[in-house]
Amino acid sequence: MEYRRLGSSDLNVSEISLGSWLTYGSSVDFERGQACVRRAFEVVYGRGAAESFLGEALDGVDRSSYVLATKAYFPMSDTDRGLSAAQIRKQSQASLQRLRTDYVDLYQCHRYDPDTPLEETMTALSDLVREGRARYIGFSEWSVDNVQAALSIEGVEHFVSSQPEYSMLWRKPEHGIIDLCARSGISQIVWSPLAQGALTGKYQPGAPPPVGSRAAHPEAGSWMGRWRHKSVLEAVQRLRPIAEGAGITMAQLALAWVLREPNVASAIVGASRPEQVDDNAAAAGIRLDASQLAAIDEALGDSVEP
């Protein structure tokens, strides 16, 4: 596994990270999930359900041996949501209890909160760092204007990470956020680099999804959206010769593509089986040349979401 520095922090993060959204604590049972987490340590390093799962799965593992990140914003009850000072304090404490730890390495804003003054949010996040409950702070899916406004506030902690959706098929971060972050000591930790599994090539155009796959799950599959459209899956199949020519899997090709961007510190992947952890982790260190990158663009064509 290879590592990259996370923004202006002193954290070195693995190029491939293990994520838990839509998998652990929901669509993947405990035994398989724990096997994936343990395998991730060997090769790398729903309303709190994923945190509770990780807290149990990581029980007994040296806390200093891994980088742990979590987020706040989305509803945790009928009345609890957002990034007010009260919510950040309440939800961060609840997260620590579920994760069975005294601190997280990275505490992130899951989305921007237009209903709370930004200075209140940044002050509350800074308090977490200064109280030792979080080492660093980050954000997910904020606009360029939101980030610039946060960076202009004096006397608060500095963001070190951005967590956008980014893949061969979804390139929106290339339109401003990556450039701003690169200038500001902020790295990308990208989510859905495999486009909810579509870029693995396992979903065939016009065919039902494989049994046990994310697309076949009634809850997790509903998040896949356009990545299940026939035209997109046909374009993905055109990537297969490129991967085969490079001697790598389709998943490794997709992960190597996002890691070609220097501002990307890590790509978050899910896994429902330990062997998927192995396959994804092997993408670390793969470098694509200019001809391969051009071939990818040609294969995907109009299926790319700019």
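Analyst: Start with the term lining residue: it has an atom within 4 Å of a point of the pocket. On that basis Glu 141, Trp 142, Ser 143, Val 144, Ser 162, Pro 164, Glu 165, Trp 170, Lys 172, Pro 173, His 175 and Ile 177 line the second largest pocket. Keep in mind that the model is predicted.

User: How much space lies in the second largest pocket, and how do the residues of its lining divide?

Analyst: The space is about 270 Å³. The lining has 6 nonpolar, 3 polar and 3 charged residues. Glu and Lys count as charged, and Pro as nonpolar.

User: Why is the pair of Tyr 73 and Phe 74 called edge-to-face?

Analyst: Two values decide. The centres are 5.0 Å apart, and rings pair if their centres lie within 6.5 Å. The planes stand at 70°; over 60 counts as edge-to-face, so the label holds. The structure holds 6 aromatic pairs.

User: Are these residues buried or exposed: Tyr 73 and Phe 74?

Analyst: Tyr 73 has a relative accessible area of 13%. Buried means under 20%, so Tyr 73 is buried. Phe 74 has 37%. That falls between 20% and 50%, so Phe 74 is partly exposed.

User: What makes the phi of Tyr 73 worth a note?

Analyst: Its phi is near 155°, a positive value in a residue other than glycine. Tyr 73 lies in the loop between strand S4 (69-72) and helix H3 (85-99). Arg 100 also has a positive phi, about 60°, and is not a glycine. Arg 100 is in the loop between H3 and strand S5 (104-109).

User: Why does Arg 100 count as exposed?

Analyst: Its relative accessibility is 52%. Exposed means over 50%, so Arg 100 qualifies.

User: How do you know that the charged end of Arg 260 sits over the ring of Trp 257?

Analyst: The distance from the ring centre is 3.8 Å. The cut-off is 6 Å, together with a limit of 35 degrees from the ring normal. The contact is listed as sitting over the ring. Arg 63 does likewise over Tyr 103, at 4.1 Å from the ring centre.

Notes. Residues numbered from 1 in each chain as written. Predicted model: local features only at pLDDT ≥ 70, side-chain atom pairs only at ≥ 80, totals over all residues. Heavy atoms only, no water. Phe/Tyr/Trp six-rings, centres within 6.5 Å; stacked < 30°, edge-to-face > 60°. Buried < 20%, exposed > 50% of the residue type's maximum accessible area, 1.4 Å probe, protein only. 1 Å grid on protein atoms, 1.4 Å probe; cavity = no way out; pocket = protein on both sides within 12 Å on 5 of 7 lines; lining within 4 Å. Points joined across faces, edges and corners; volume = space filled by probe spheres on them. Helix = DSSP H or I, 4+ residues; strand = E, 2+ residues; numbered from the N terminus.
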